[in-house]
Amino acid sequence: MLFELKLHIETEFPFLKGKKLFVACSGGLDSTVLVYLMNKLGFDLALAHCNFSLRGAESDGDKEFVIDLAKKMAIPVHTQTFNTNQYADENQVSTQVAARELRYNWFDEILTNFNYDFLLTAHHLDDDMETFFINLSRGTGLKGLTGIPVINEKVIRPMMIFSREEILEYAIQNKLQWREDSSNKKTNYLRNKLRLQVLPRLKSLNDTVLKNFQNTQRNLQSSQVLIEDYTALVYKQVVSENISGHEIDIKKLKQFPNKTTLLYELLYRYGFSAWNDVSGLLDAQTGKQVFSKTHRLVKNRDTL
């Protein structure tokens, strides 16, 4: 596994060499293995641990574990404790969304304040498959099925080539210690239901399902790239920019096949989700509008 990761980094992330990195480390199996592997490969590392205050003494134990791990490896560690429930209530979001927002906002602060080059997370192939089914169950476009990005600006996910089983096997063979999160055994979250109840049955039907899924993801990602390239060409022909925003020429857009799909590709980045209402604007009266959390889309004669 160490050699595979080394080769994977040299091939896909050669820019990490000589960079200052920090690893998001919960103390669980995946992130602990990532820390050991990256340390063995000689990278300049630090750890960052979030205590979300959701599991009482267990959460505090995770924090102490990560601090001890950093001491054993003689590397820096950053920790932060959050009142996640309070944040969720104040911002009217779920606990999961609150934890994600708190986590990545803090990670951005670390990147800036301590001059790190990149953040590494321990997402792996099983996580990717779970995300695929979560997005599929909620309804999504092709982009939602292309999985967790291995590179997202300053966030790098080098473990995406490994399954959870491979990571566990490495940890056992090398007699590593890690923390078990008791909340992972509860089925009150969709991801846990998939992890504990659905995907094991799927894997039992075909022992190559993860590798097949990996190949499918690559095909979907290639298709998404083609769509993005095509959309970029269409954008130049149908969209104009001015001081008040962007305008889409409806007549020009309608000359292209699959105009509603193109409209989605042009607008999804602005947070719109009511896609029937959005496409309905193409033939609506002037003045009709649709809102996202950040933007307004208005029908104005022959433009949006």
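**Close-up views of a predicted model**

View 1. Strand S2 (residues 47-51) runs parallel to S3, and five bridges join the two. To find your place here, look for Cys50, which stands opposite Gln80 in S3.

View 2. Which residues of helix H1 (residues 2-12) are buried? They are Leu5, His8 and Ile9. Seen down the axis of H1, these buried residues fall within an arc of 95°, so they line one face of the helix. Part of what covers them is H2. Turned away from that buried side, the exposed residues Phe3 and Thr11 sit on the other face of H1.

View 3. Asp128 belongs to helix H6 (residues 125-138). Asp128 is buried yet forms no salt bridge, and the nearest side chain of opposite charge, Arg191, is 8.1 Å away. Leaving aside neighbours within four places in sequence, Asp128 is in contact with Gly147, Ile148, Met160, Phe213 and Gln217.

**View 4. Arg179 meets Asp62.** The whole structure holds 15 salt bridges. One of them pairs Arg179 with Asp62, with the closest N and O atoms 2.7 Å apart. This pair links distant parts of the chain, 117 residues apart: Arg179 is in the loop between helix H8 (164-173) and helix H9 (190-205), and Asp62 is in helix H3 (residues 57-73). Is Asp62 buried or exposed? Asp62 is buried, because its relative accessible area is 5%, while Arg179, at 28%, counts as partly exposed.

View 5. Arg164 forms a salt bridge with Asp127, their closest N and O atoms being 3.6 Å apart. Here helix H8 supplies Arg164 and helix H6 supplies Asp127, 37 residues apart. Asp127 is buried at 8% relative accessibility, whereas Arg164 is partly exposed at 22%. Through salt bridges that share partners, Asp126, Asp127, Glu130, Arg164, Arg191, Arg195 and Lys203 join into one network.

Note on methods:
Residues are numbered from 1 along each chain as its sequence is written. This is a predicted model: local features need pLDDT of at least 70, side-chain atom pairs count only at pLDDT 80 or more; totals for chains, interfaces and linings use all residues. Side-chain values use heavy atoms; hydrogens and water are left out. Two strands pair if DSSP finds at least two bridges between them. Helices (H or I, at least four residues) and strands (E, at least two) are DSSP runs, numbered from the N terminus. Buried means under 20% relative accessible area, exposed over 50%, partly exposed in between (1.4 Å probe, protein chains only). The arc is that of the directions from the helix axis to the C-beta atoms. Contact means heavy atoms within 4.5 Å. Lys and Arg count as positive and Asp and Glu as negative; His and the chain ends are not counted. A salt bridge is a side-chain nitrogen of Lys or Arg within 4 Å of a carboxyl oxygen of Asp or Glu.
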